[in-house]
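Here is a short briefing on the structure shown below. It goes from terms to chains, and then to selected elements.

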Amino acid sequence: MGVGIEVANLNAWYGTNHTLQDITLNIPANHATALIGPSGCGKSTFVRCLNRMHETNPVARVTGTVRMGDLDIYQGATPVEVRRRVGMVFQRPNPFPTMSVYDNVAAGLKLNGYSNRKSLDEVVEKSLKNSALWDEVKDDLKKKSGASLSGGQQQRLCIARALAVDPEVLLMDEPASALDPVSTSKIEDLIFQLKSQYTIVIVTHNMQQAARVAEKTGFFLNGRMVEFDSTHKIFTNPSDKRTEDYITGRFG
Amino acid sequence: MQQQFPMRTRLRTIGDHIATFLAVFSTILVILPLVAIFVYLLLKGARSLNLAFFTQIPKPVGESGGGMANAVVGSVVLLVIASVLGVPIGIGGGVYLAEFGRGTKLSNAIRFTADVLNGVPSIVMGLAAYALIVVPEKHFSALSGGVALGIMMIPTICRTTEEMLLMVPHSVREAALGLGVPNWRSVLSITVRTASPGIITGCMLAFARVAGETAPLLFTALGNDFWSTNLNQPIAALPLQIYVYALSPYDDWHRLAWAASLVLIVLIVLAVSLVRYVTGRGVLKGAS
C-alpha cells in the first residue's frame, strides 16, 4: 500500500543555483499527484529529492524534511533504504541493455540478494501484468533483450521493474514525453490502475495528461510551488494569476 | 528540384561515389598489411610446419629436425601469468578511475602514470622485472617474464576499461540506483556488465600486444632449449625462439623461425576468437 508524503521547507541547490525554494506540501497516499510547470521550474529536481536521487550529483545539496509515513528520509534512512521504498520511472525508457526482459524486471530483487527462483518467477509475472506488458512478452521472457522492445514497451518494462521491488511510492518523471500517443495512453491507463495501490507522483509537461490522471496538481514556477490543490480546481478556478496564465497557455 | 538543379544533383552523386570509394579504399589499406603478413607467413612457414614442430623440443646445432613444443607451451605459460596479473589490476584500476575516483587527485595521478607506462619501451619493462625479481632471486625465471608482460598489459586495460565505462549512459546507472541497489553493486553488476564487450576488447588488445613481445623476455624468461614448466626456471617463448633462430646462420633454423611466427599469429587469433565467442554468448545471462 502507498504512504502519504509530507514535505516541509524543502530547499535544493545545484552548486550555487538555488533550484528549489521552500517547498511545503502534503502528497496524499494512494492517489496520483501531478506536478506541472515550464521547463527548468524545479519539478524534476523536486521528485528526485523524494528518493534522494538528487544527491547522486556531487554538487547538489538539500535542506528541509521529507516524511513518508513514519520514515524521515533525510534523517533516519540511507539513500539505498529510501530508494527501495520509492520506485522511479524516468523520462527516457532506460532498461538494462544487456539483460533479458525477465532479468530487467527481476534486477531490483536479484541485485539486492534475493534469489528464490520460484517466487522471482511470480514477482516477474505479477509486475509485468501490473504494467500491462505481460501479454506482449510472455512467450519470450528470458531470450528477448529488454532493449529490443519498442519505446512504449520499454517504458512499461521500466514500470514493471520499479513495481517488482514492491515500493510504496512511484515517482514518474515525464514518463510519456518520449512516447507516441498510443503508448502514452497505455501509460496513462496504467497510472489509473496503479494509483489504488501506490502513491504516484507524476511530473508532466502535458496539462491534459495531468488533468486526466491526477487528483491533485501542483504548479511549479522558478523553483517555487505557486499553487497546490485538487486538479479540478487548478484547471477550472486557480487561485493564483500565474497558474491561470500558465494553464491557459499565456506563457511556458 | 531535380529538374531545377541537374548540375548540382550530378555533382552530389559524383561526390557520393568519391566518398564511398575513399572509405572502401581506406578499409582495404587497413586490412592489407595483415593479409600480406599472413599470406607471406603461410608461404614461408607452412612448409616447415609438421607434427614434430608441436611435439619435439629444439635439436642441438647441427642436427636437423626438431620442433618448438617447449616454446609454444612456454608462451602459453607466460601469457597466463601475464593475464592473471594484468587483467584484474587493469580492470580494477579502470573501474576506480571511471566510477569511484572521478576528479580526485589520486585518479589523476593513476591516469597520468598509466599513460606514461603505456609509452615506456618494452625493453625497459624487462629491465624493471629483471631488477625487481631476477636480481633478488639470482636466477632467470618464467615468473619474472610473465610479470614483465603483465605490467605491460595494465595501462592499456586500465585506460580502455575507463573509457568504456564512461560510455555507459548515465540513465542506466540511475535506473540501478533508483531500484535501491547500493552503488558498488550497481557498478559491478550493471555498469561493468554493460561495458563488458568494450572491456574485453581492451583486454584482447593488450593480450595480443604482449603475446608478440620479445624485448621484455630477453633478461627475464631468458629462453630455454629444454622442457620446463617450472615458474622458477627460465622458460622458452615463441618470440624469443624466433629472435634467436632468425639471427642464426642456419637455413634449417630460419625455416623453423618462419613456422614459429605463423604459429604465434594463429595462436593469438585463436585466443582472441575464443574469448569473443565465449563472452559473446553470455550477454543474456542472469543479473547476478
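A residue counts as buried if 20 or more other C-beta atoms lie within 10 Å of its own, as exposed if 12 or fewer do, and as partly exposed in between; the C-beta atoms are placed from the backbone. This is a predicted model: local features need pLDDT of at least 70, side-chain atom pairs count only at pLDDT 80 or more, and totals for chains, interfaces and linings use all residues. Residues are numbered from 1 along each chain as its sequence is written, while chains are lettered from A and ligands numbered from 1 in the order in which they are written.

**Helix H7 of chain B**

- Helix H7 of chain B covers residues 170-178. Helices (H or I, at least four residues) and strands (E, at least two) are DSSP runs, numbered from the N terminus.
- The buried residues of H7(B) are Val172(B), Arg173(B), Ala175(B), Ala176(B), Leu177(B) and Gly178(B).
- Their cover draws on both chains: it includes helix H2 (79-85) and strand S6 (86-89) of chain A, together with helix H8 (183-211) of chain B. Contact here means that the C-beta atoms of two residues, placed from the backbone, lie within 7 Å.
- After H7(B) comes Gly180(B), with a positive phi near 80 degrees.

**Chain B overall**

- Chain B has ten helices and zero strands.
- The radius of gyration of chain B is 24 Å, well over the 19 Å that the globule rule gives for 288 residues, so chain B is more spread out than a compact globule. The radius is taken over C-alpha atoms, and the rule is 2.2 Å times the number of residues to the power 0.38.
- The C-alpha trace of chain B spans about 80 × 60 × 35 Å along its principal axes.
- Of the 288 residues of chain B, 40% are buried.
- Among contacts in chain B between residues at least 6 apart in sequence, 73% join residues at least 24 apart.

**Domains of chain B**

- Chain B is assigned domain 1 (6-48) and domain 2 (70-284). Such bounds come from an automatic or database domain assignment.
- The C-alpha centres of domain 1 and domain 2 of chain B lie 31 Å apart.
- Seven residues of domain 1 of chain B touch seven residues of domain 2 of chain B.
- On the domain 1 side of chain B, four of these residues are nonpolar, two polar and one charged. Ala, Val, Leu, Ile, Met, Phe, Trp, Tyr, Cys and Pro count as nonpolar, Asp, Glu, Lys and Arg as charged, and the others, Gly among them, as polar.

**Chain A overall**

- Chain A has ten helices and ten strands.
- The radius of gyration of chain A is 18 Å, close to the 18 Å that the globule rule gives for 252 residues, so chain A is as compact as a globular protein of that length.
- The C-alpha trace of chain A spans about 55 × 40 × 30 Å along its principal axes.
- Of the 252 residues of chain A, 48% are buried.

**A sheet in chain A**

- Four strands of chain A form an open antiparallel sheet in the order S2-S1-S4-S5. Two strands pair if DSSP finds at least two bridges between them.
- Strands S2 (17-27) and S5 (71-72) of chain A are the edges, each pairing on one side only.
- Strand S1 (residues 5-14) of chain A pairs with S2(A) over seven bridges, in the antiparallel sense.
- Ala12(A) has Leu20(A) in S2(A) as its bridge partner, and Val7(A) stands opposite Leu25(A) in S2(A).
- S1(A) and S2(A) form a hairpin with two residues between them, and Gly15(A) in the turn has a positive phi of about 60 degrees.
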